[in-house]
Amino acid sequence: MSACFFGADARRLFGYHHPPRGAARTGVLLCQPWGPEYQYAHRALRVLAKRLAERGSHVLRFDYHGTGDSSGETTDVSLAGMLADAESGADELRRVCGTGTIDVIGLRLGAAVAAQYAARHTVRRLVLWDPVFDGARWIEEHPPARALAGAVNGSGHVEFAGQTVS
């Protein structure tokens, strides 16, 4: 596993590349969930990436712009931006593994990103792991967030799931 930065200078993304053990068969892009769900799923996604690499896949997991160790602020996060980040991650993965077609796995909100990516690009396989289909229902699933979601400050941002977002 090696840490890497990729993407445009204005939107540098941080990720981890898990190289395959033995001959590479494919590339796998992991689209992570957002907010507290990312924190809860971090270990599971790291273990998944390791196991996929052991079975011959290049794997890239990354932080969206405005999250984790990627550039930007939490207020920069949007679904359109997350999709752009997945596209950048897929480009980086293709560059590293030298293949045109990749597999995409998305968890929770990352599954919505993965589905949007697959609708616009050719993927070999698409895995949607516990996808978010209904944004309003997803917000309701975060009880502390419900109380905070209405707390708009003067900048037009809201507090949601412990983070200030647009």
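Cysteine 4 counts as buried, at 17% relative accessibility; buried means under 20% relative accessible area, exposed over 50%, and partly exposed in between (1.4 Å probe, protein chains only). Cysteine 97 is also buried, with a relative accessible area of 18%. The structure holds zero disulfides, a disulfide being a pair of cysteine sulfur atoms within 2.5 Å.

The model is predicted, so local features need pLDDT of at least 70 and side-chain atom pairs count only at pLDDT 80 or more, while totals for chains, interfaces and linings use all residues. Residues are numbered from 1 along each chain as its sequence is written, and side-chain values use heavy atoms, with hydrogens and water left out.

The protein chain has five helices and eight strands. Helices (H or I, at least four residues) and strands (E, at least two) are DSSP runs, numbered from the N terminus. Along the sequence they follow the pattern β-β-β-α-β-α-β-α-β-α-α-β-β. Of the 166 residues in the protein chain, 45% are buried. Contact means heavy atoms within 4.5 Å. Among contacts between residues at least 6 apart in sequence, 60% join residues at least 24 apart.

Helix H3 spans residues 109–120 and has 12 residues. Its reach from first C-alpha to last is 17 Å, close to the 16 Å expected at 1.5 Å a residue. The expected span is 1.5 Å times one less than the number of residues. The buried residues of H3 are Leu109, Gly110, Ala111, Ala112, Val113, Ala114, Tyr117 and Ala118. Their cover includes strands E3 (26–31), E5 (102–107) and E6 (123–129), together with helices H2 (79–97) and H4 (135–140).

The axes of H2 and H3 come within 9 Å and cross at roughly 65°. H2 is therefore roughly perpendicular to H3. Axes are lines fitted to C-alpha atoms, for helices over the stretch in contact, and angles run from 0 to 180 degrees between N-to-C directions. Angles under 35 degrees count as roughly parallel, over 145 as roughly antiparallel, 65 to 115 as roughly perpendicular and the rest as oblique. The crossing is right-handed: the near helix is turned clockwise from the far one by less than a right angle. From H2, Leu79, Met82, Leu83, Ala86, Glu87, Ala90 and Arg94 meet Leu109, Val113, Gln116, Tyr117 and Arg120 of H3.

Serine 57 lies in strand E4 (residues 57–62). Serine 57 is buried, with a relative accessible area of 5%. Leaving aside neighbours within four places in sequence, serine 57 contacts His18, Pro19, Pro20, Thr26, Val28 and Leu52.
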